[in-house]
Amino acid sequence: MAEAEGEGDVQVPISSSIPSGNDTVWFDVSSLLHRACHDLRTDELISGENFNLFAAMSALEIMDPKMDSGIVSTYYSVDEAIENGAAPIPLSFDRTSDIQHIIDIMDHFLACEATWHKGGSLAQTMFSCIYLLRPERTSSHALLHSFCIVIRATCNALVSAVSVSRTNEEEDLFTMAYGLPLKANGDEKCLSLLHAVEETLCRQLKACKAPLSKRTALEDIEPLQTNLDLEEGFCKAVLCRLRFRKHFYHVLTSLRKPQGKGLELAKKHIISCLSELDSMLKSEDFLRNNSVCGTSENEEEKTTASGCQPVGFDSTLNSRSAAPTPPRAIKLLSWNKAVNYFQKLLHDLDVISSYSLDPVFEGALRFVVDVQKIQPDLVARAHIQLLLVQDGKLYGREPLFAVICKASLLPEGAKNHDIQKNESVQQLGQLLITLFRVLCANTAWQRRKLGKILQDWRIIYVQLELAFRKEFGDAASTSVEQNSLLKICKHILIWVEEQTYWIALRFLTLGFELELYSTSEYCMVYWYIYVVLIKLAEKTHLKMMLSNDSSRRKSKKKKDFVKDIGKDYQVPPAVQLLQCYIYVAQGLMMMLASLRNENKIFLCMGPFNSEQERFVQHFELLQKACLPDHASYFSFSETVSNTRLSTLSMHNCFKDAQRIAKELRGSFANDPDRLAELRQIEQVAEHNYVALNLLCRMGNLEPSLKISFEFIHHPHFATAAVKRS
């Protein structure tokens with residue numbers, strides 16, 4: 001091997017385990033590594049054939065508190081911390097200082113909770129508070145005691161929600177309790193205790209705001225602290241924090257009510273929560289100006305509105321008492337970031353609470369996909385899933401077989417057919433539940449899971465087909481019963497295929513959101529989207545035709561029905577919308593292929609992976625499920641190998657997409673979401689139509705002209721931009 005020379009070069013020694021011979025080729029990769037280090041941003045990864053993102057997730061990251069356990073501990077036990085005065089009761093001998101310490105504890109809890117929601121462990125965030133670990137210590141302090149109880153009840157409600165929804169798979173630390181006291185005697189009375197303390201605070205606020213003439217009647221009410229000039233500000237600061245906790249707990253309990261019966265109540269409490277958060281932000285200046293610590297931390301590091309360090313907390317406290325706890329201390333979110341997090345969470349929960357519980361399967365799918373666009377965090381996604389699937393039913397109301405019958409456009413009476421007792425049909429219902437759960441996962445987890453369940457949907461199709469054939473053999477001999485069963489079987493099988501291709505399409509488009517594709521790979525990606533869309537449109541169209549034929553047979557005599565079949569069949573708007581996307585995907589694929597063939601740009605080349613290897617890496621899960629049949633790298637290469645700009649100019653797919661999108665406006669006039677979707681398609685088609693015409697007129701691309709593809713109008717379909725450098 002010729003060793004690499006020069007300063008900074010990487011010299012690779014010859015290992016005795018590596019065979020050497022005429023076929024061995026060594027080359028210097030220093031320049032490649034230097035370029036990679038320069039181009040890679042934080043959290044990015046070079047994906048190699050034998051080391052991908054999945055493998056990287058199992059790698060050790062030094063100094064990551066979740067993966068690399070250091071050992072830093074101030075106290076050996078909670079009792080030692082208490083003996084050293086880490087959690088005093090009362091908090092201070094000065095009543096003014098005492099109330100400020102309580103407000104700091106309330107604020108720090110907010111930062112701890114937001115950090116926990118974002119992936120920190122419960123032991124290092126919420127239960128880093130000694131007062132929470134020893135509930136009996138606060139019993140003499142009504143305000144602190146009631147607050148700690150509602151905090152513990154909130155933690156328990158959230159752990160329960162995420163555990164039941166099983167979204168904790170993607171973040172293991174969330175539901176790990178480490179043997180901590182998530183429940184204590186009296187927690188069920190948290191709201192009544194909180195209400196009693198709130199009433200006392202309201203009387204104190206009313207007393208300090210009363211004019212001098214009326215204060216004599218209120219002299220028996222003890223103020224929060226000794227400085228009467230600050231009484232109103234402190235009362236308001238404590239009240240808004242206490243009320244936020246009360247309303248937030250109400251939100252969580254309302255969302256867990258069966259069959260979505262608590263959604264309206266949840267919306268009211270969400271509005272109250274957001275109002276109290278605004279009041280908390282308004283109290284920041286007052287608390288900072290009157291803080292007992294006298295100094296203020298950096299805005300990015302402070303975990304309280306006042307900027308003071310709270311008493312009673314130690315993030316390393318559980319390192320020894322709870323063995324599985326990651327011992328290294330974690331960095332908490334700042335108080336301002338915590339407030340922003342809860343505002344975002346509440347807005348997401350408000351979107352969920354506003355859902356109409358549409359019993360139509362397609363409506364539920366659209367709801368989940370639309371909510372995922374606002375990038376909800378773990379807690380919000382857990383509650384989406386809990387709302388969708390309850391007791392093995394959609395929203396806890398609709399039996400899954402009834403949902404399948406309605407989605408496959410079967411008559412209303414079909415949902416009572418005995419075929420629902422078939423084992424394969426019941427397995428299909430479980431696959432439906434799995435699909436909903438997967439769609440509620442985070443984007444990266446969702447894509448991986450979607451790719452894996454594709455094979456399950458292909459297998460269930462075969463199992464259903466075999467089961468239905470057996471049913472035909474066992475069915476009664478009357479032709480009416482056999483025809484009824486045959487119709488149900490056809491509809492369900494077509495619907496299963498339709499959903500399989502919908503999952504495949506979702507799998508492909510999520511790659512754009514995760515930025516998994518490079519520009520040089522867009523051609524193969526849009527080819528795959530194109531062939532999947534064709535099959536999806538075909539199955540959707542067939543399902544609707546079967547449904548229309550059935551309804552026409554019922555409403556017309558046989559002679560009239562034969563005449564009706566001869567008439568031109570109008571393509572349903574849903575199929576035309578898919579046709580729109582087919583034209584856009586085809587246009588982008590052909591445009592990119594022409595640029596590759598004629599101008600030698602956007603070629604899929606690299607030192608590690610050939611184009612065929614990248615094709616396999618991106619679409620391996622689709623290929624294993626044979627989606628679609630005969631879709632292969634050879635098919636892709638054959639399709640794009642002879643494409644030229646001159647042939648594209650004769651048939652511009654983008655023009656067809658524009659035309660269909662404009663025609664569909666009337667069909668979706670009452671659906672604002674679909675209209676917005678059509679506008680996006682029109683913009684992509686229009687800009688690409690102009691860009692393609694420009695490229696066709698120019699022929700070869702001038703060196704001064706640069707073409708790029710940007711996602712400015714649609715998240716999945718790129719817009720070509722031709723610019724002079």
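Reader: Why is Ser 306 called buried?

Author: Ser 306 has a relative accessible area of 5%, and buried means under 20% relative accessible area, with exposed set at over 50% and partly exposed in between (1.4 Å probe, protein chains only), so Ser 306 counts as buried. This is a predicted model, in which local features need pLDDT of at least 70 and side-chain atom pairs count only at pLDDT 80 or more, while totals for chains, interfaces and linings use all residues. Residues are numbered from 1 along each chain as its sequence is written, and side-chain values use heavy atoms, with hydrogens and water left out.

Reader: Where is Ser 306 placed, and what makes its link to Asp 104 a polar contact?

Author: Ser 306 sits in the loop between helix 11 (284-289) and helix 12 (318-321), where helices are DSSP runs of H or I with at least four residues, strands being runs of E with at least two, all numbered from the N terminus. The side chains of Ser 306 and Asp 104 are joined at 2.7 Å, and a polar contact is a pair of N or O atoms within 3.5 Å (within protein, one must be able to donate a hydrogen and the other to accept it, and residues adjacent in sequence count only if both atoms are side-chain atoms), so the pair qualifies.

Reader: What makes the phi of Phe 602 worth a remark, and how do you know that Phe 602 is buried?

Author: Phe 602 is not a glycine, yet its phi is positive, at about 60°. Most residues other than glycine have a negative phi. Phe 602 lies in the loop between helix 22 (573-599) and helix 23, and its relative accessible area is 17%, so by the cut-off it is buried. Leu 357 also has a positive phi, near 55°; its place is in the loop between helix 13 (335-353) and helix 14, and it counts as buried because its relative accessibility is 8%.

Reader: Which residues touch the most other members of the largest nonpolar core, and why is it called a nonpolar core?

Author: The name is used because such a core is a set of buried Ala, Val, Leu, Ile, Met, Phe, Trp, Tyr and Cys residues joined through side-chain atoms within 4.5 Å. The largest one has 209 residues, of which Leu 388 and Phe 709 touch the most other members, and helix 19 (residues 479-513) gives the most to this core, with 16 residues. Leaving aside neighbours within four places in sequence, Phe 709 is in contact (heavy atoms within 4.5 Å) with residues including Tyr 522, Leu 592 and Phe 602.

Reader: What makes the bond between Ile 89 and Pro 90 stand out?

Author: The peptide bond joining Ile 89 and Pro 90 is cis, with omega about -5°. Most peptide bonds are trans. Pro 90 lies in the loop between helix 3 (78-83) and helix 4. Another cis peptide bond joins Leu 627 and Pro 628, with omega about -20°, and Pro 628 lies in the loop between helix 23 (611-624) and helix 24 (633-640).
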